[in-house]
Amino acid sequence: MIRIAVLTAVAAIAFAAPASAAEVRVSLVGKSAAQIDADLTRAARTVCMRETYGESLIANAYGRCVRATLKTAQAKLAEAQSAD
């Protein structure tokens, strides 16, 4: 369970696909770990859909983007949690 202090410190997490300007903020306040994971996944898909639009191999680029974006967001979240 994520502690309240961490939620206060990380009320919103911003992340972007590698080398991209797209950004989505995900609120963490009052959410369970499962809800946060689902919201991060949804946000990564949104960012990557924007970033890969028009790519010649969109399915491959989109999949790589989602995985990389989720990995980055989860690392930032873990870092914020460990700082508490």
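Predicted model: local features only at pLDDT ≥ 70, side-chain atom pairs only at ≥ 80, totals over all residues.
A disulfide is a pair of cysteine sulfur atoms within 2.5 Å.

Residues are numbered from 1 along each chain as its sequence is written, and side-chain values use heavy atoms, with hydrogens and water left out.

**Overall layout**

The protein has three helices and two strands. Both are DSSP runs numbered from the N terminus: helices are H or I with at least four residues, strands are E with at least two. The order from the N terminus is α-β-β-α-α. Of the 84 residues, 35% count as buried. Buried means under 20% relative accessible area, exposed means over 50%, and partly exposed lies in between (1.4 Å probe, protein chains only). Contact means heavy atoms within 4.5 Å. Among the contacts with a separation of 6 or more, 50% come from residues 24 or more positions apart.

**The disulfide**

A search of the whole structure finds one disulfide. Cys 48 is joined to Cys 65, with an S to S distance of 2.1 Å. The link is left-handed, with -80° about the S-S bond. Cys 48 lies in helix α2 (residues 33–52) and Cys 65 in helix α3 (residues 58–83), so the pair ties together parts that are 17 residues apart in sequence. Both Cys 48 and Cys 65 are buried.

**How α2 meets α3**

Two packed helices are described by the angle between their axes and the distance between the axes. Here, α2 and α3 pack at about 135°, with axes 8 Å apart. That makes α2 oblique to α3. Axes are lines fitted to C-alpha atoms, for helices over the stretch in contact, and angles run from 0 to 180 degrees between N-to-C directions. Under 35 degrees counts as roughly parallel, over 145 as roughly antiparallel, 65 to 115 as roughly perpendicular, and the rest as oblique. The crossing of α2 and α3 is right-handed; in that case the near helix is turned clockwise from the far one by less than a right angle.

On the α2 side, the residues in contact include Leu 40, Ala 44 and Cys 48; on the α3 side they include Cys 65, Leu 70 and Leu 77. By class, this contact has 13 nonpolar, four polar and two charged residues. Ala, Val, Leu, Ile, Met, Phe, Trp, Tyr, Cys and Pro count as nonpolar, Asp, Glu, Lys and Arg as charged, and the others, Gly among them, as polar.

**Ala 43 and Leu 70**

Ala 43 is found in α2, and Leu 70 in α3. Leu 70 touches Leu 40, Thr 41 and Ala 44, not counting residues up to four places away in sequence. Ala 43 is buried, with a relative accessible area of 5%. Leu 70 is buried too, at 15%.

| C-alpha pair | Positions apart along the chain | C-alpha separation |
|---|---|---|
| Ala 43 and Val 24 | 19 residues | 6.1 Å |
| Leu 70 and Ala 43 | 27 residues | 8.9 Å |
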